[in-house]
Amino acid sequence: MSSPPQPLLRWTRFASDPHGTGPEKRTAQITGLITAAGLAAKTMRPPASFPRWRAWLAGVQARARFGACAGVDRAGIGLLGYRTLFYRDAIARHRGARVLLWETTYDTLLPAMARAAGFRLVAVPHNLEALVSEQVFADPAYDPTEDLGAEVRRLALADAVFTIAKEERWFLEARGLAPDYLPYFPDPVLARECAAVRARRVARVDARGEISGPLLVLGAAFNPATARGMQVQLSWLAELGPTAPSVIVAGPQTDTLLASFRSPRVELLGRVSRERLVELLVACSAMLIDTSGGAGAVTRIPEALLSGVPLIANPNAARDQHGTAGVAEYTTPAEFHALCRGPHALPPAPPAPAAAAARFQARLQALVGCAT
């Protein structure tokens, strides 16, 4: 009887939830890949607090020991000390493989401390963090160049880096790193649910090979970038007047933050249950996605395609999916209007990224094997 695998250490601030937010779905995907590889992971849990004097002293010591690597989101000495104590205790208490799976790649302190403790590092950034800051939109004077350079330097501390988007892999390669690509794909639980939606949609295909129904806009309106995209699409649809197709908008706060767009052709549902969402996915003709700015990849796209739902997206939202069957891109209002009118055919199901997943799992297994 073989002994259970030695767990690796993992840092992510997101729950592993296949039905959660985009980051939570990515964490769930990675959890599934770890388990399928015959490995285990121990996730670091931050404490509620430390005494202020301990945090301050730890911050001073971290600055003295790690210098420039002690940066934590440009934080003051107190937060730096809190993170120092949290990371130090988690590393010291770990009993298992000296490998850190680093998902929350927000600072340089953790990889520096892990390296000093003899850990190997595998970075799986959910996106390039410097490019998702709201300062990009809120502060015209903000230049992410400095933050982006610092992010590249800290990712360079890892033994392996796996990006969620092709564009981010290209950028890091251009900066001298050697990242691999691990695209988002729903974890097995969500993948099975998507396949069940597809089966129901197949039964709705008409003689022309098309599916009729309202257009679906899906997302959390409290995310400023998501809300901006929804506003653009709804305003362009309003230009069509009574000839506009019917639209259902679902997601947290869509019923309040988009209230000015309510009309006989637009239904704002707000947050919906998982059961209601499934019914919307079965009934819609296509899904609309529009984003501006940001980085990483839009997790709704592979989920929608796996569910048999075609997508109408602007080029930014379609990043990492250009040329994918079932993803139609628009740039102008006229192109958007034409795509919304249809026809809307059932797209092919995208294949699971088996080769990319195998490379990720093999890298983890190799590092765990030599660090146990």
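Analyst: Helices (H or I, at least four residues) and strands (E, at least two) are DSSP runs, numbered from the N terminus. By that rule the chain has 14 helices and 12 strands. This is a predicted model, where local features need pLDDT of at least 70, side-chain atom pairs count only at pLDDT 80 or more, and totals for chains, interfaces and linings use all residues. Residues are numbered from 1 along each chain as its sequence is written, and side-chain values use heavy atoms, with hydrogens and water left out.

The C-alpha atoms fill a box of roughly 65 × 55 × 40 Å along the principal axes. Of the 372 residues, 50% are buried (under 20% relative accessible area, 1.4 Å probe, protein chains only). Take contacts (heavy atoms within 4.5 Å) between residues at least 6 apart in sequence: 66% of them join residues at least 24 apart.

Now the serine. Ser-307 sits in the loop between α12 (300–306) and β11 (311–313). Ser-307 counts as buried because its relative accessibility is 2%. What does Ser-307 touch, leaving out residues up to four places away in sequence? The partners are Cys-194, Val-197, Arg-198 and Arg-201.

A polar atom of the Ser-307 side chain lies 2.9 Å from the backbone oxygen of Glu-303. For a polar contact, the cut-off is a pair of N or O atoms within 3.5 Å; within protein, one must be able to donate a hydrogen and the other to accept it, and residues adjacent in sequence count only if both atoms are side-chain atoms.
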